[in-house]
Amino acid sequence: MSRLTTDPALASWVPAPAGSDFPIQNLPFGIFSHGGATRSGVAIGDHVLDLAAAHAGGALDALPEGVFAQPTLNPFMELGHEAWRRTREQISALLDAATGPPPGAEAWLVPATQAVMRLPVRIGDYVDFYSSLQHATNVGRMFRPDAPPLLPNWRHLPVGYHGRASSVVVSGTPVVRPLGQWRGEGGPGFGPTRRLDIELEVGFVTGLGNPLGTPIPIQDAEDHIFGMCLVNDWSARDIQAWEYVPLGPFLGKSFATTVSPWVVTLDALAPFRVPAVAQDPEPLPYLQGGGDAVDLQLVIELNGEVISHTSFRDMYWTMSQQLAHVTVNGTNVRCGDLYASGTVSGASPDSLGSLLELTWNGERPLQLGSGERSFLEDGDVVVMRGWCERQGAVRIGFGECAGTVVPARR
């Protein structure tokens, strides 16, 4: 990676407010609509750089014609790691205050308030993991109080399930309260979920796939990862509890998954990589050498009040281990696949990533200005945020992952 793109001394001719999520050291990719067209953009301060216009203007070379004039990032992501890195370096140079804007470049900027953000990638498959030791332990204690909290396989492989890609939506999309069955007295009940929950997660999207039958070695995993985003895997706990034995999550999870609109590249996150947590016992050889963690701070806001503040750095299983495990049986991943971490929870009561844990399955309701909450009510607004910061580096952020609960549709 070019050091220039994350150099803390680097500044842009596009102003960025103090504490902005999107300084020149970040440059996340997304899809936006403005003026009747939908195309690729990069966030810079309070603006979006129109990459289709910049490419047409000659600022971004060695890329296929029209690659950024598409409604998803997939055509660009399919070009591979070297193209991603070279393009990032060219965008950084284009925005560098030391050289100033090239002729006509100001016209390539769109105020963020005028840009309508879209789902950034065409998602082919969606996998949700269960990679937080604290979250898995809490859930085990809650539902299996007389047994060990972790099942025997948990420390040996990244547990996960395949979700539904068609219901992945971009931040700001309303979430309709789902209908379904739940356990009742003498038989199942049916209607809108009464235990609607959130799951604070971090996801990554793949840019390069692999041939069917050929696993991705763990040391090559990050070459396939385009970048990261925030994820809220909404959950209907009563529907989930009734249906998930023996095959796992189904309708209790598949109704909506919200992602943030900006995909932050691994190159932008390089200054915030930290050693992964120690694993005991040592995993099998194909999961060893699992790469670093990311020191990413995360918060959940419910109706404007912060209810949780946690960190992604302590996740037990890393992204590289997750991707190596997904493909070890020979399955083929594709450009645009989404892989979510599972709920991110810390060890303290205020660092838990779901209402299930924060209220201990409804036994300890939260006392908020908007009223008491065990689970979500119609009209509730959930916003998740994430950012990285450390001494000697410029703070970068992920933007918002937001959704509002609306009543069920019968």
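A residue counts as buried when its relative accessible area is under 20%. The views below show a predicted model.

A disulfide is a covalent bond between the sulfur atoms of two cysteines. The structure contains zero disulfides. With a relative accessible area of 1%, Cys 401 is buried. A disulfide would require the two sulfur atoms to lie within 2.5 Å.

**View 1. The largest pocket has a volume of about 890 Å³.**
Its lining is made up of 33 residues, and those nearest the centre of the pocket are Tyr 130, Val 139, Gln 240, Tyr 244 and Pro 249. Two or more lining residues come from each of strand S6 (126-129), helix H4 (133-143), strand S7 (160-162) and helix H5 (237-243). By class, the lining of this pocket comprises 18 nonpolar, eight polar and seven charged residues.

Four cavities of 30 Å³ or more are present in the structure. The lining of the largest cavity is formed by Asp 292, Ala 293, Val 294, Phe 312, Met 315, Trp 317, Thr 318 and Met 319. Six of these lining residues are nonpolar, one is polar and one is charged.

Methods
Residues are numbered from 1 along each chain as its sequence is written. This is a predicted model: local features need pLDDT of at least 70, side-chain atom pairs count only at pLDDT 80 or more; totals for chains, interfaces and linings use all residues. Side-chain values use heavy atoms; hydrogens and water are left out. On a 1 Å grid over the protein atoms alone, a cavity is a set of points where a 1.4 Å probe fits but cannot get out, and a pocket is an open set with protein on both sides within 12 Å along at least five of seven lines; lining residues have an atom within 4 Å of a point. Grid points are joined across faces, edges and corners, and a volume is the space filled by probe spheres set on the points. Ala, Val, Leu, Ile, Met, Phe, Trp, Tyr, Cys and Pro count as nonpolar, Asp, Glu, Lys and Arg as charged, and the others, Gly among them, as polar. Helices (H or I, at least four residues) and strands (E, at least two) are DSSP runs, numbered from the N terminus. Buried means under 20% relative accessible area, exposed over 50%, partly exposed in between (1.4 Å probe, protein chains only).
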